[in-house]
Amino acid sequence: MIATEEILAAESGNSTPLPPTNVAWDVERIRRDFPVLTQTVNDKPLVYLDSAASSQVPQVVIDRGSRYLREEHSNIHRGVHYLSQRATTAYEGAREKVKRFINARDAKECIFVRGCTEGINLVMHGYGRKFIGEGDEIIISAMEHHANIVPWQMLCEEKGAVLRVIPMNDAGELVQDEYEVLLNERTKLVAVTHISNALGTINPIKEMIQTAHKHGVPVLVDGAQGIVHLTVDVQDLDCDFYVFSGHKMFAPTGSGVIYGKAEWLEKMNPFQGGGDMIRSVTFEKTTYAGLPNKFEAGTPAIASQIGLGAAIDYLSSIGREQAVAYETELLLYATEKLSAIEGVRLIGTAKDKASVVSFIIEGVHPHDIGTILDQDGIAIRAGHHCAQPVMKRLNVPATARASFAFYNTKAEVDALVRAVEKVIEVFS
Ligand SMILES: Cc1ncc(COP(=O)(O)O)c(C=O)c1O
């Protein structure tokens with residue numbers, strides 16, 4: 001059994017990987033919670049190894065979303081009638097759950113957005129356009145998803161600001177010494193991912209935040225992958241912004257959160273204008289609502305955000321520490337098995353990793369790997385994973401990526417390994 005301290009160390013993102021040991025985890029029971037996993041694809045049982053793109057949704061989350069549509073569907077905030085009040089209670093209840101899940105000081109610091117991409121764009125508009133000007137610098141890293149590159153490039157283009165990039169070594173780890181050197185009096189923001197979606201690297205985010213704060217620079221953490229595999233405590237991390245999507249954490253698409261420290265959110269410009277984000281409107285002047293409404297213009301994805309609340313309840317009920325330890329065990333098992341196959345090269349071998357194995361097979365395009373695996377009912381992702389600079393840095397056009405969740409099994413890893421061996425046979 002893995003000691004709690006080890007699990008906590010792993011979750012903090014500052015650890016070496018846990019040793020391969022058998023975690024007490026009733027995966028068959030967990031799998032029964034996910035109806036989609038019972039399917040067959042091409043007459044083979046579905047092996048779903050693409051959770052880093054979108055995780056599957058448990059029945060309780062599906063039920064909660066459909067209960068809203070069946071019994072509570074109505075617009076929130078603006079109604080005095082019964083259904084509107086029920087919908088508002090459910091929606092704001094989901095916000096409270098998010099607050100507790102990430103340990104925000106106040107629910108008003110948790111802004112609902114459609115997903116991570118929208119959350120980063122919100123900070124780009126609300127913080128960036130107000131506080132970043134000509135000659136200022138924004139630091140991102142070499143392993144960012146395009147969602148945490150392109151908005152900052154757009155801002156730099158508009159304002160004449162400069163994008164600086166923390167380099168990465170061949171294992172897929174950020175070079176921390178170089179990061180320190182990049183920080184200076186012109187730096188206005190550090191925007192960096194907690195976990196790389198393409199490589200699985202867990203960044204030492206708490207230390208990186210401390211380093212930025214020593215220079216008085218706020219930090220945005222792209223938590224799209226981090227929120228799924230680590231316990232996130234935004235007060236402990238002391239991040240200024242933490243952004244994530246619901247659909248990677250067992251909730252429906254269209255749900256997501258940007259956590260921001262109230263002191264920043266209060267000062268920032270609103271993102272979009274419209275209903276629900278105002279205090280008063282005349283043709284001469286509009287004043288804005290307080291947090292969080294200031295950033296939630298128009299009718300939000302009510303059912304999806306309520307679903308996110310249900311997903312948080314689900315995650316809390318299954319035992320997150322064991323889930324994380326089990327995922328680590330699967331990762332180590334898959335790493336060992338895949339790296340033992342002649343012709344397979346793993347891409348991303350950082351010391352601290354979570355739930356992603358990216359690989360290439362000499363002489364075979366990753367798209368061909370993905371297509372052949374699909375014939376066996378195995379769903380992986382092939383391509384650049386919206387991280388083209390990562391591919392360029394590691395000198396590969398693309399990778400095949402298997403990503404694991406706590407509902408995957410070692411038998412599924414074995415199926416992946418057999419299918420990869422088959423690909424090599426086909427192409428030899
Ligand atoms: C690290 C990371 N950042 C950002 C995103 C963008 O998330 P979304 O498409 O849900 O907005 C993803 C999605 O894969 C991701 O993995």
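Mentor: Let us begin with one contact in this predicted model. An oxygen atom of the ligand has a polar side-chain atom of Ser245 at 2.7 Å. The protein covers 85% of the accessible area that the ligand has on its own, which is 390 Å².

Two further side chains make contacts of this kind. In Thr117, an N or O atom of the side chain is 2.6 Å from an oxygen atom of the ligand. For His247, the distance from a side-chain N or O atom to an oxygen atom of the ligand is 2.6 Å.

The ligand is surrounded by Cys116, Thr117, His145, Ala147, Thr193, Asn197, Asp222, Ala224, Gln225, Ser245, His247 and Lys248. As for the space that the ligand takes, it is the largest pocket.

The chain beyond this list also deserves attention. Strand 9 spans residues 241-245, and the loop between it and strand 10 (256-260) holds Phe250. The phi of Phe250 is near 75°, a positive value in a residue other than glycine. Pro292 is located in the loop between strand 12 (286-288) and helix 12 (302-318). Most residues other than glycine have a negative phi, and most peptide bonds are trans.

Finally, a word on confidence. The average pLDDT of the protein is 94, and 95% of the residues score at least 70. Among the elements of the protein, strand 8 (residues 219-222) has the highest mean pLDDT, at 99. Asp222, one of the residues around the ligand, falls within the range of strand 8. The lowest mean pLDDT among the elements, 33, belongs to helix 1 (residues 4-11). Over residues 1-20 the pLDDT is below 50, and this stretch has 45 contacts in the model beyond near neighbours in sequence.

Notes: Residues numbered from 1 in each chain as written. Predicted model: local features only at pLDDT ≥ 70, side-chain atom pairs only at ≥ 80, totals over all residues. Heavy atoms only, no water. pLDDT = per-residue confidence, 0-100. Helix = DSSP H or I, 4+ residues; strand = E, 2+ residues; numbered from the N terminus. Contact = heavy atoms within 4.5 Å. Near = heavy atom within 4 Å. Polar contact = N/O pair within 3.5 Å; in protein donor to acceptor, adjacent residues only side chain to side chain. Areas by Shrake-Rupley, 256 points an atom, 1.4 Å probe, with all protein chains shown as cover. 1 Å grid on protein atoms, 1.4 Å probe; cavity = no way out; pocket = protein on both sides within 12 Å on 5 of 7 lines; lining within 4 Å. Sits in = over half its atoms within 2 Å of the grid points.
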